[in-house]
Amino acid sequence: MTGSFTAEERRRLAAALAAGTEPTCPSCGVQLDRRAVRPPASVSYVRSRVWLLCPDCRRSGAVDVREGGRP
Ligand SMILES: [Zn+2]
């Protein structure tokens, strides 16, 4: 299966990042590769954005991480 994480999956991944845990693929359970993405300046509310990619099923998605952890 390839494609993007769903909105619900991205929400869970963001929660995992906010909690300080390593996010894992919702499909495979393997640890996701994490790459930092510089958000556009126009999106000032986004403190940090990471691109998560599963090395197994190749699904991926961008997750916004807010400083402070709380959504
Ligand atoms: Zn996977």
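Predicted model: local features only at pLDDT ≥ 70, side-chain atom pairs only at ≥ 80, totals over all residues.

**Strand, sheet and helix**

Author: Strand β1 covers residues 33–37, and of its 5 residues the number buried is 0, so β1 lies largely in the open. A residue is buried if 20 or more other C-beta atoms lie within 10 Å of its own, exposed if 12 or fewer, and partly exposed in between, with C-beta atoms placed from the backbone. Helices (H or I, at least four residues) and strands (E, at least two) are DSSP runs, numbered from the N terminus.

Reader: Which strand is joined to β1?

Author: Strand β2, residues 48–53, is joined to β1 by 5 bridges, and the two run antiparallel. Two strands pair if DSSP finds at least two bridges between them.

Reader: What stands opposite Ala36?

Author: Val50 in β2 stands opposite Ala36, which is found in strand β1. Ala36 is exposed, with 9 other C-beta atoms within 10 Å. Ala36 and Trp51 are 15 residues apart in sequence, and 6.2 Å apart in space from C-alpha to C-alpha.

Reader: What is the order of the strands in the sheet?

Author: The order is β1-β2-β3, in an open sheet of 3 strands with antiparallel pairing. β1 and β3 (60–65) stand at the edges with a single partner strand each, so one side of each is left without a neighbour in the sheet. On average, neighbouring strands of this sheet are turned by 30° against each other, direction ignored. Axes are lines fitted to C-alpha atoms, for helices over the stretch in contact, and angles run from 0 to 180 degrees between N-to-C directions.

Reader: Where does helix α1 lie?

Author: Helix α1, residues 7–18, lies across β2 and β3, and runs at about 50° to β3. Two residues are in contact if their C-beta atoms, placed from the backbone, lie within 7 Å.

Reader: Changing topic, where is Arg58 found?

Author: Arg58 is found in the loop between β2 and β3. Arg58 counts as exposed, with 11 C-beta neighbours inside 10 Å. Its phi is near 70°, a positive value in a residue other than glycine.

Terms used. Residues numbered from 1 in each chain as written.
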